[in-house]
Amino acid sequence: MTTTSRTQVTMNYLLLIFVSGVAIYPLVGTVLASLYPSGAGNSPTGFALPSGFHWGNYVTAWKVGGFAGSFTTSIIVAAVMVPASVVLSILAGYGFATMRFRGSKVLFYLFILGLIIPTEATIVPLFYDVRAIGLLDTTWALILLEVSGEVAFGIFWMRAAFLSAPPSLLEAARIDGASSWKTLWKIMVPFARPAILTLTVLTFADSWNEFFLALVFTISHPTAPFGLASFSGRYTTNIALVSAAAVIVAIPILIVFIVFQREFMRGVLTGAVKG
Amino acid sequence: MDAEPSVASRAVAVGSRRRPERLPGEARRIGYLYIAPAFILYAAFNLLPLGQGVNTSFYDWDGITPGTWVGLHNYTGFFTDPAIRSGYVHVLILMVFYAFLPIVLGLFLAALLSRIRIRGLTFFRMLLFLPLVITDVVTAVAWTWVYDTHGPLNTVMNAVGLGHFIPSQGWLGDFNTALPAVGVFGLWGSFGFCLILFLAGVMKIPASLYEAARVDGANAVREFFAVTLPGLRYELQVVLVLSVIGTLDTFDEIYVLTYGGPGTATTVPAYLVWRRAFQSGEVGSAAALGITLMLIIFAVTYAINRLMERGAEP
């Protein structure tokens, strides 16, 4: 290694540190800002530590922002929506990957279309449909809509995962006389476990982060991001409190991200993260 | 071993990529049963409303009283309604920040960084990935603070003597700076994703190609255009499609950062759909806007894919 290439290496690392710093600065700054004394007069500049750590902001934000309620909504939605969406995707993905039937191609392309149909194109009639079946302003509306929005991606993902299974796996099952149902749960699902885990994690992220649907369909019991948006609208000048609320809403997705980093990366590196 | 969904799901992300379709499996009608649950839900809450949306878009309707048939009138708004026109202009400007700049910067950095082995890449990747993972509403709230009167941006500007450039209404409240301010937020949000994807792509380019280029006496710039850029074609296609679609249906950050304001300085089509459908009772127009947006997304996706694939042929 010559000296020039060594300076080059150093420069590259500095560059990488710089861009990573830019990526996290607003987030770290928000955490710092959340610990400043709350009130309109206190303005965190982002370059100094607060005089004392005012953890009480978190308690106040949690109570005043009604996050007990909005977290409950978000958690219920995710708890029902994620397993439902993943199971439906496994079933349909398995059907498309291992069976041939009339119209399977057309059906598959119909699902593909779902990947690029924007919610804006369906939101208007959806509102009146959901109202007509009496689900307006319920968690059920959000669950149903999120699942139906997510299966397009899930089916692709699972179909691809099942297609990558060696044909010998299926053949062995067939020779044993196993039913298609048994083959799915006893052989294909264990084989595709990493893909299923990735799908689960990405689906959770989509559910937790969903805002547009929540804004339209859960008026009186908002989700966590919706709750944060209204809270920040009402307390614009109280940066410490709003920041604390933002950190509160970020914590669940942050934990999932840190624990399942590998799965997130796999999702992204295959270019499949939606939105 | 990991299941390897990468190739197919990449094909998915870019939409219409044709791969030799090996029609899998045996003919089995039980297939319908496996598809049915997902399809019923998908049809009821996506396909059906899509049809209804097209229908609604032909009416002048306030959402309460019976509507009147107006034919394509709601669609002509795309050309005649200044609010809609400026919405699309705004989204085009945002595209510079959400798609063009992150891609250019990402390519540039990926090319620089490709020349060394990076230790701790996983860690850097995690940091760069955070803006994408964390809820839009949260990151937008973080940026309202960045742009705050006494926030970090103004603190820095004052410290380096550029204080007189700070708009008196604040960055997000000034007619000239609000849209670029939203844009910078978008640049921040999508840059890491581009870089991560390009870095991963660069690592898959065989080292022999670089060696060959160097033997031919290529300098860094030539090397970039001869080896790195062609090698990243796939990634570029994915990023282009995702970021352009992502820009076209931008909503969350507009709602949090500016509510489309000041005035209409930051309204975008998705925001207009929401406001007209649920705030101002112009339901027919909102439906037409949504359908138009979808058609544009289809067209753009198709165009990008065709363009990139044609560019790939020697």
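Visitor: Which residues does B:Ala38 touch, not counting residues up to four places away in sequence?

Guide: Two residues are in contact if their C-beta atoms, placed from the backbone, lie within 7 Å. On that rule B:Ala38 touches A:Leu88, A:Ser89, A:Leu91, A:Ala92, A:Val151 and A:Ile155, leaving out residues up to four places away in sequence. This is a predicted model, in which local features need pLDDT of at least 70 and side-chain atom pairs count only at pLDDT 80 or more, while totals for chains, interfaces and linings use all residues. Residues are numbered from 1 along each chain as its sequence is written, and chains are lettered from A and ligands numbered from 1 in the order in which they are written.

Visitor: How many residues does each chain bring to the contact?

Guide: Chain B gives 93 residues and chain A gives 92 residues. On the side of chain B that touches chain A, the largest share, 16 residues, comes from helix α2 (residues 31–56) of chain B. Helices here are DSSP runs of H or I with at least four residues, strands are runs of E with at least two, and both are numbered from the N terminus. By class, that side of chain B has 63 nonpolar, 18 polar and 12 charged residues. Ala, Val, Leu, Ile, Met, Phe, Trp, Tyr, Cys and Pro count as nonpolar, Asp, Glu, Lys and Arg as charged, and the others, Gly among them, as polar.

Visitor: Which residues have the most contacts inside the largest nonpolar core?

Guide: In soluble globular proteins, nonpolar side chains tend to be buried together. A nonpolar core is a set of buried Ala, Val, Leu, Ile, Met, Phe, Trp, Tyr and Cys residues joined through C-beta atoms within 7 Å. The largest one has 170 residues, and those with the most contacts inside it are A:Leu228, A:Ala245, A:Ala246 and B:Ala38.

Visitor: Is B:Val256 buried or exposed?

Guide: A residue is buried if 20 or more other C-beta atoms lie within 10 Å of its own, exposed if 12 or fewer, and partly exposed in between. B:Val256 has 23 such atoms and is therefore buried. B:Val256 belongs to helix α12 (residues 252–257) of chain B. Apart from neighbours within four places in sequence, its contacts are A:Ala229, A:Ser232, B:Val137, B:Ala140 and B:Val141. B:Ala140, in helix α6 (residues 136–146) of chain B, has 25 C-beta neighbours inside 10 Å, so B:Ala140 is buried as well. Beyond four places in sequence, B:Ala140 is in contact with B:Phe185, B:Asp252, B:Glu253, B:Val256 and B:Leu257.

Visitor: Is A:Glu171 buried or exposed?

Guide: A:Glu171 is exposed, because 10 other C-beta atoms lie within 10 Å. The residue sits in helix α7 (residues 167–175) of chain A. From A:Glu171 to A:Phe53, 118 residues apart in sequence, the C-alpha distance is 63 Å.

Visitor: At what angle do the axes of helices α9 and α13 of chain A cross?

Guide: Axes are lines fitted to C-alpha atoms, for helices over the stretch in contact, and angles run from 0 to 180 degrees between N-to-C directions. Angles under 35 degrees count as roughly parallel, over 145 as roughly antiparallel, 65 to 115 as roughly perpendicular and the rest as oblique. Helix α9 (residues 193–209) and helix α13 (residues 261–269) of chain A have axes that come within 9 Å and cross at roughly 90 degrees. The pair is therefore roughly perpendicular. A:Leu197, A:Thr198, A:Val201 and A:Leu202 in α9(A) meet A:Glu263, A:Phe264, A:Arg266 and A:Gly267 in α13(A). Of the residues in this contact, 4 are nonpolar, 2 polar and 2 charged.

Visitor: Which element of chain A has the lowest mean pLDDT?

Guide: pLDDT is the predictor's confidence in each residue, from 0 to 100. In chain A the lowest mean among the elements is that of α13(A), at 84, and the highest that of helix α3 (residues 67–98), at 97. Chain A averages 90, and 96% of its residues score at least 70.

Visitor: Where is a cis peptide bond found?

Guide: Most residues other than glycine have a negative phi, and most peptide bonds are trans. Here a cis bond joins B:Gly261 and B:Pro262, with omega about 0 degrees. B:Pro262 is in the loop between α12 and α13 (269–278) of chain B. B:Tyr259 is found in the loop between α12 and α13 of chain B too, and its phi is positive, near 50 degrees.
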